[in-house]
Amino acid sequence: MRRFIERHTFWAIVALIAIAVFVWLIFAVWPEWLIGAVGRKKTFVNTLLNGVTLGGLYFLVASGFTLVFGLMRNVNLAHGSMYLLGAYIGYEVAEASGSWFLGLLVAFLAIALSGALLQVLVFRRMEGDDLRQTLVTIGISIIAADLMLAIWTGTTYQFSPPEWLFGAAELPIISTIKSSGAMVYIKYPVYRLAVLGTAVALGVALWLFLNRTRIGMMVRAGVNDREMLSASGVNVQLVFALVFAIGAGLAGFAGVVGGTALSIAPGEDIRYLLASLIVVIVGGLGSVTGAAIGALLIGLAEQFGLAYFPTYGVVLTFLIMVIVLAVRPQGLMGGR
């Protein structure tokens with residue numbers, strides 16, 4: 001699958017669009033035989049949309065983790081703390097300025113700067129030592145969590161997004177047909193759809209960055225053979241610091257986006273770090289496409305588990321990870 005997508009990216013995208021159109025046609029009409037199988041149409045479709053949009057949010061968080069851990073092989077277990085810190089910083093800036101977009105920008109830049117400092121001061125001194133990186137970043141995440149708790153306390157914060165992102169959009173999916181013949185369509189929050197669109201755009205941009213730009217080629221070459229790339233005159237440390245900064249900045253960016261969709265509270269750092277780990281393991285190290293597939297699978301599993309069998313819903317995500325590791329240890333899109 002991985003080789004086919006790499007060699008035939010255009011046809012892979014066409015196939016995904018075709019599958020999406022086919023699924024939409026099924027849901028738009030909703031055959032009677034499906035009603036008994038999955039229950040009420042509105043519940044099923046809302047659960048499906050919640051899973052897809054949650055997968056988009058997980059991808060926003062995991063995309064930075066994919067760059068740092070999956071591609072550069074830096075074990076940064078403080079990634080969840082960067083997510084939560086970005087959310088808090090974005091919230092303070094947005095509240096002070098009244099601009100949600102300014103909060104988003106400042107959160108990205110602030111966490112990107114902290115990521116660059118982390119790479120220069122910590123990871124550069126421990127290159128290739130995974131155990132030390134793991135222990136040090138766990139310590140950093142614990143300290144960061146306590147500091148954030150001391151500053152922002154245990155209060156739950158909620159962003160106020162721009163007015164045009166409020167409300168619900170009417171989707172071209174029929175919910176019910178009234179006795180008068182009027183069709184009632186399913187409505188879904190505009191902001192969640194915007195999160196999904198942002199995740200898709202970011203995924204395409206990251207894929208182009210890594211596979212179609214000079215810096216992306218340098219990064220992939222530096223991971224495979226750092227000495228040879230350095231001998232060719234490239235400042236490898238500067239390139240790695242830049243990529244680490246982008247990965248950390250994406251965590252801050254996702255903090256504002258996720259904090260607006262859900263909320264900001266202590267403990268969210270652990271949740272999104274765990275989600276990022278599972279997404280990268282399922283998708284495959286260093287693969288943006290794999291991270292997108294993994295995020296989608298985990299988001300759908302989590303939402304369908306909560307909707308249809310909440311007692312065992314949490315087990316689904318780990319079950320997916322176990323199955324993938326048993327069948328394909330390198331991940332769905334990971335190289336051997």
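Biologist: Let's start with T66: buried or exposed?

Modeller: T66 counts as buried, at 3% relative accessibility. (Buried is under 20% relative accessible area, exposed is over 50%, and partly exposed is in between, with a 1.4 Å probe and protein chains only.) This is a predicted model, where local features need pLDDT of at least 70, side-chain atom pairs count only at pLDDT 80 or more, and totals for chains, interfaces and linings use all residues. Residues are numbered from 1 along each chain as its sequence is written, and side-chain values use heavy atoms, with hydrogens and water left out.

Biologist: Where is T66 found, and which residues is T66 in contact with?

Modeller: T66 sits in helix α4. Neighbours within four places aside, T66 has contacts with L71, V280, G286, S287, V288 and A291. (Contact means heavy atoms within 4.5 Å; helices are DSSP runs of H or I with at least four residues, strands are E runs of at least two, and both are numbered from the N terminus.)

Biologist: S287 is on that list. Where is S287 found?

Modeller: In the loop between α12 and α13, the latter covering 288–308. S287 is buried too, because its relative accessibility is 11%. Apart from residues up to four places away in sequence, S287 touches T66 and M333.

Biologist: And the side chain of S287, which backbone nitrogen lies 2.9 Å from a polar atom there?

Modeller: That of G290. (A polar contact is a pair of N or O atoms within 3.5 Å; within protein one must be able to donate a hydrogen and the other to accept it, and residues adjacent in sequence count only if both atoms are side-chain atoms.)

Biologist: Back to α4. What about G56, which has its place in that helix?

Modeller: G56 belongs to α4, residues 41–71, and counts as buried because its relative accessible area is 5%. G56 and L196 are 140 residues apart in sequence, yet their C-alphas are 5.0 Å apart in space. Outside four places in sequence, G56 is in contact with V195 and A199.

Biologist: Which residues line the largest cavity?

Modeller: L77, G80, S81, S141, D269, I270 and L273. Helix α12 gives the most, three residues, and α5 (79–97) and α12 (268–283) each supply at least two.

Biologist: What about A265, where does that lie?

Modeller: A265 is in the loop between α11 (236–261) and α12, and is buried at 13% relative accessibility. Beyond four places in sequence, A265 has contacts with L84, Y88, T155 and T156.

Biologist: Overall, how many helices and strands are in the chain?

Modeller: There are 14 helices and two strands. Of the 336 residues, 44% count as buried.

Biologist: And what is the mean pLDDT of the chain?

Modeller: The mean is 82, and 83% of residues reach 70 or more. Residues 32–39 have pLDDT below 50, and that stretch has seven contacts in the model beyond near neighbours in sequence. (pLDDT is the predictor's confidence in each residue, from 0 to 100.)

Technical notes. 1 Å grid on protein atoms, 1.4 Å probe; cavity = no way out; pocket = protein on both sides within 12 Å on 5 of 7 lines; lining within 4 Å.
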